[in-house]
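Work through the exercises below with the sequence and the model at hand. Each task is followed by a worked solution.

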2 protein chains.
Amino acid sequence: MTCKSRINTIFPVKILIILAHPHKGSFNHAIADVTVRTCSENGHEVIFHDLYEEDFQAVLPDTEIPKNAGVPAIIENHCKELTGADGIVLIHPDWWGQPPAILKGYIDRVFRPGVAYEFAEGDSGEGVPIGLLSAKAALVFNTSNTPLQRELEAFGDPLQTLWKNCVFALCGVNNFYRKMFSVMVTSTDEQRKVWLNEVAETVTQYFPPVKARV
Amino acid sequence: MTCKSRINTIFPVKILIILAHPHKGSFNHAIADVTVRTCSENGHEVIFHDLYEEDFQAVLPDTEIPKNAGVPAIIENHCKELTGADGIVLIHPDWWGQPPAILKGYIDRVFRPGVAYEFAEGDSGEGVPIGLLSAKAALVFNTSNTPLQRELEAFGDPLQTLWKNCVFALCGVNNFYRKMFSVMVTSTDEQRKVWLNEVAETVTQYFPPVKARV
């Protein structure tokens with residue numbers, strides 16, 4: 001996995017940025033700030049959601065499960081943003097090798113059949129889904145208090161396969177990059193500055209500045 | 001991993017059973033019914049929660065994060081049940097290689113520091129947690145529409161490491177068994193009966209009938 005962008009940007013692109021952390025002063029919020037600012041400075045259109053701030057309702061109800069189900073306007077809007085996104089950035093802490101429930105619920109409700117994936121005609125739903133997202137790249141930034149070696153040895157870093165394979169590859173987004181920043185709880189201000197610079201560099205590599213058309 | 005119980009039951013034990021599926025007539029509900037009935041018939045005390053039915057509030061708020069934070073009475077009660085459980089059974093569909101958000105939120109809010117795990121004194125939170133649960137076994141039953149071979153090859157079956165390593169081993173429950181029933185969407189009534197018999201057998205192996213004291 002390289003950190004080299006496959007988006008050779010001429011025009012502004014739409015970047016959907018989703019943050020899921022309950023504490024306003026968290027490092028996750030700092031990552032989100034840098035991501036939003038970098039995308040804006042590079043000339044892109046940013047759609048940003050702080051799921052906690054917006055009180056996103058995380059629980060997928062039975063009525064929304066069918067492919068053609070009606071969904072509330074707020075979910076329909078989230079779906080349109082996802083469909084129209086040229087790039088996606090998710091920011092969240094590692095809680096139990098998974099995203100916080102509020103972000104899991106965003107996936108459950110917004111990454112719908114007919115929006116993020118679908119099954120081929122005649123398939124009963126047991127086949128290989130066809131990805132529908134047109135985003136050219138997806139980035140995930142995580143924070144953790146588990147040292148990397150223990151994360152790999154004891155847990156196998158499940159967030160990597162969850163986001164890379166179970167979500168984005170399934171939905172047709174194969175240009176994927178993820179970075180886990182750890183150990184947060186013992187990190188210094190200096191270390192955090194270095195990490196935030198790394199966030200900005202990564203965002204620019206994947207979503208470079210808009211160039212004038214020749 | 002064997003399916004042989006390490007609980008050699010003489011007295012009734014408390015079994016905590018958690019169901020997370022939005023549809024009342026789902027096979028997950030059938031699994032839960034069989035699990036509850038088998039535990040009861042075997043003479044055990046059952047605590048059962050249908051998280052959707054109970055409208056469990058899945059989102060962990062910032063105020064509940066500190067170890068010694070006050071939590072609402074309903075969460076405190078869930079924590080007491082978890083602490084007092086001799087056995088735990090979770091039942092949920094595989095959504096994106098993870099549990100539904102409502103069950104992820106149950107873990108986020110109920111598997112608290114000081115309840116399910118803690119850090120050694122002097123540890124800043126980056127060390128290896130100490131498991132606090134006294135349950136002698138944890139079972140997880142899942143349903144999926146992904147054929148087993150594709151699940152393993154394309155996704156690596158992340159639910160196995162999520163529940164076995166990231167949650168239960170971390171919290172001190174090392175006697176773990178999980179079964180994924182698939183492919184649900186094309187399964188016959190006959191196949192489902194076989195699967196429900198398997199659920200009953202597994203539950204009895206782990207939580208066998210109460211024996212009279214000699």
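**Exercise 1.** How many residues of chain B are in contact with chain A?

Solution. This is a predicted model: local features need pLDDT of at least 70, side-chain atom pairs count only at pLDDT 80 or more, and totals for chains, interfaces and linings use all residues. Residues are numbered from 1 along each chain as its sequence is written, with chains lettered from A and ligands numbered from 1 in the order in which they are written. Contact requires C-beta atoms, placed from the backbone, within 7 Å. On that basis 35 residues of chain B touch 35 residues of chain A. Helix 3 (101–110), helix 4 (148–155) and helix 5 (158–169) of chain B each give two or more residues to this side; helices here are DSSP runs (H or I) of at least four residues, and strands (E) of at least two, numbered from the N terminus.

**Exercise 2.** Determine how far helix 3 of chain B is covered, and by what.

Solution. Count a residue as buried if 20 or more other C-beta atoms lie within 10 Å of its own. By this count, 10 of the 10 residues of the helix are buried. They pack against helix 3 (101–110) of chain A, and within chain B against strand 1 (14–19), helix 2 (73–84), strand 3 (87–93) and helix 5.

**Exercise 3.** Find the partners of strand 1 of chain A.

Solution. Strand 1 (residues 14–19) of chain A is largely enclosed by the rest of the structure, because 5 of its 6 residues are buried. Pairing requires at least two DSSP bridges between two strands. Strand 1 of chain A pairs in the parallel sense with strand 2 (residues 45–50) of chain A over 6 bridges, and 5 bridges join strand 1 to the parallel strand 3 (residues 87–93) of chain A. A:L19 stands opposite A:D50 in strand 2 and has A:I91 as its bridge partner in strand 3.

Technical notes: Two residues are in contact if their C-beta atoms, placed from the backbone, lie within 7 Å. A residue is buried if 20 or more other C-beta atoms lie within 10 Å of its own, exposed if 12 or fewer, and partly exposed in between; C-beta atoms are placed from the backbone.
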